[in-house]
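Thank you for asking me to look through this structure with you. Please keep the sequence and the model open while you read, and look up each residue as it is mentioned.

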Amino acid sequence: MKCDTAMNLMSAYIDKDLNEIDRLEFEKHISECSKCKEEYDILVDIVSHCNTCLESELPDGFSEELHLKLQNIKRPVRRFNIKWVAGIVAAFLVVAIGFGSGAFNNSIMDQSVKTEEIANESQVASMPASAPDIAYANGASKDQMKVTFSENRAGQEGFGGAMGMTMEKSKLSNRKVIKNGYLSLEVSDFDLALNEITRITSESGGFVENSQVDNINYTMDGQNKSRKNGNITIRIPANGFEGIFETIKSMGDVKNENKSGEDITREYRDIETRAENLKVQESSLRELMTKAKTVDEILRIETELNRVRTDIDIMTGGLRRWDDLVDLSTLNINLIEVKKEDLKKISVDNVWGKAYRGFINAINNVIGFIEASFVFFVTAIPYIIIIGLIGFIAFKVIKKNKKGGKINAS
Amino acid sequence: MNEIESLLIKKSKVGDIESFERLIESYQKRAYNIALRIMCNEEDAKDMAQEAFIRIYKSIKDFKEQSSFSTWLYRIVTNVCLDEMRRKKKIKTETIDTNYDEASCDKGTPENVYEINEKRQQIMKAINELNEDYKTVIILRDIQGFSYEEISNILDCSIGTVKSRINRGRNILKDKLSIMLELTNKKSV
């Protein structure tokens, strides 16, 4: 081996990153070449000095200071309106007061009817405009919808992968299924729909996990308008999942819906068994511990016990997490606001629509004219008779006078 | 990644400060030490470590759970520190506080404590004089003891790059320090 090669391998050798052959050759070279040996010693010296540097302790008050700083952060709750916060708080109050009231379903129906009525009267909130026209706004909202959808999918998959293990305690349900749902809705009044969803969620004993609302500005007929588009993730008790899914569905026009269930029964049985085995192991270790005599024995048992204990803890920690996922289903909702007045204006605005309307108008006019003429004629009959009579008599009188005049003259 | 950690991450994503603090508890010290080595000054290191944690807290929502949380955390810490160093270099207000590691290194026997500290200070100074790339890998590898793979994840470069940087960095260090070390070695003999 040449000195150059040895120099290059030196660092890898220190990190034990050499294969067997290189390692042996390097060691051989070092034992033969005093120059390289010297270099090697220096390098080892430097590295070992670095390695033995103890870690500095955190400065005093580090955690406290950080805690304060963290609390002062305005968390980037992506454009979270104060309205929603207020809405959620209000919803929780409602739940706190009215929890357990039997008229749950009825009240929902009433509320959603009200939602519709108010929606018809609602006016566009004035917002600074940026988007050029409605077509743009529509395109944007569609894109956004797709994006949300795929994100949700990814999120769910990540979710599934993350919960590698858990245990399950309930003896009644044999199957453990994690339910997920996705709904894309078009609603006429966004705020009411959102409040309604929040209310239903908390009334069912669930919670809003995430809520994001975007304002989309656009210009139509020279007016600046804005619509809202929101993504809400709610967690609701699994047994109420179907009902709530349907209720929310009925709040607007469904653009897209999707329900999925992930069966984790087999995985959790595995973990359950493993955890139980570990517990048995733990108790036998404890027994051993009482019999241990030398310090060495005690230490070894303790290490093993520690390992077992940690594993059990990890599993029981996972337990709550998985139970949580099974008990509370996840429902992602995408709300798109659609203004009724806008719909009317853009619905039949093509050439054929115009021609069709023109044609109908023309026919209506013609029919109207004929009708009016007929009515006029019928109404006029008495006058015509009277006028005709007068005219006739007058004609006769004039004729007679003329005749009489001629006779007199001759 | 263990279950408890991913549970804490999940909670932190919703904004639970307490969970977040529990999550970073075990990484704080090491993060601070990385910052300390890069910044070479306790005050700055503290600020940068806190800055990094705040940034982590803010962006934990974007954290993909496929990669390891610790590497992600250390990556942010290193990046925050390196950014700050670059900024400082521009303003040129850099002051090197060479006394910082006396307390941080172990003491050894009373006879050679001075020498060891002296030597260590020299080494630290030399590391500090390295260029940014070499300095970072040496800190991560030799002082913090990360593996090649971890370093490549933290710095977001290939393992090959990490290896060659370490090799190169160590050689530069060796060349810089050889005279000084030889002298001290001879003295101690």
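The numbered points below go through the two chains, their interface and a few single residues.

1. Please bear in mind throughout that this is a predicted model, and that the values in this note were computed from the model.

2. I would begin with chain B, whose secondary structure comes to eight helices and zero strands, so that, by the way helices and strands are assigned, the pattern read along its sequence is α-α-α-α-α-α-α-α. Chain B has 189 residues, of which 51% count as buried, and it exposes about 9,100 Å², with carbon and sulfur atoms supplying 47% of that area. When the contacts in chain B with a separation of 6 or more are considered, 63% of them are between residues 24 or more positions apart.

3. Chain A, by contrast, contains strands as well, since its secondary structure comes to 13 helices and five strands as these are assigned. Of its 410 residues, 36% are buried, and the accessible surface of chain A comes to about 25,200 Å², of which 59% belongs to carbon and sulfur atoms. Among the contacts in chain A between residues at least 6 apart in sequence, 82% join residues at least 24 apart.

4. How much area is buried between chain B and chain A? The size of an interface is often given as the accessible area lost when the parts come together. Here that area is about 4,700 Å², and carbon and sulfur atoms give 57% of it. The residues B:Glu3, B:Gln50 and B:Lys174 supply 15% of the area that chain B buries against chain A, which is more than any other three residues. The contact takes 47 residues from chain A and 55 residues from chain B.

5. Charged side chains also meet across this interface, where the rule finds eight salt bridges between chain B and chain A. A:Asp17 forms a salt bridge with B:Lys163, and the closest N and O atoms of this pair are 3.0 Å apart.

6. B:Ile56 lies in helix H3 of chain B, residues 42-59, and counts as buried because its relative accessibility is 0%. From C-alpha to C-alpha, B:Ile56 and B:Ile76 are 7.2 Å apart in space, although 20 residues apart in sequence.

7. In helix H7 of chain B, residues 148-155, the residues B:Tyr148, B:Ile151, B:Ser152 and B:Ile154 are buried. Seen down the axis of H7(B), the buried residues fall within an arc of 165 degrees, and therefore they line one face of the helix. Just after H7(B) comes B:Asp156, which takes a positive phi of about 60 degrees.

8. Two further residues deserve a careful look for their backbone angles, given that most residues other than glycine have a negative phi. A:Lys16 is not a glycine, yet it has a positive phi of about 55 degrees, and B:Cys40, also not a glycine, has a positive phi of about 60 degrees. A:Lys16 is placed in the loop between helix H1 (3-14) and helix H2 (20-32) of chain A, whereas B:Cys40 is found in the loop between H2 and H3 of chain B. Are these residues buried or exposed? A:Lys16 is exposed, with a relative accessible area of 74%, while B:Cys40 counts as buried at 3% relative accessibility.

9. Finally, I would point to the surface of chain A, where A:Phe374, A:Val375, A:Phe377, A:Val378, A:Ile381, A:Ile384, A:Ile385 and A:Leu389 form a nonpolar patch with about 780 Å² of accessible area together. One of these residues, A:Phe377, has its place in helix H13 of chain A, residues 351-409.

Note on methods: Residues numbered from 1 in each chain as written. Chains lettered and ligands numbered in written order. Predicted model: local features only at pLDDT ≥ 70, side-chain atom pairs only at ≥ 80, totals over all residues. Heavy atoms only, no water. Patch = residues over 30% accessible without salt bridge, like charges linked within 9 Å, V, L, I, M, F, W, Y side chains within 5 Å. Areas by Shrake-Rupley, 256 points an atom, 1.4 Å probe, with all protein chains shown as cover. Salt bridge = Lys/Arg side-chain N within 4 Å of Asp/Glu carboxyl O. Helix = DSSP H or I, 4+ residues; strand = E, 2+ residues; numbered from the N terminus. Buried < 20%, exposed > 50% of the residue type's maximum accessible area, 1.4 Å probe, protein only. Arc of directions from axis to C-beta. Contact = heavy atoms within 4.5 Å. Buried area = accessible area lost by both parts, 1.4 Å probe.
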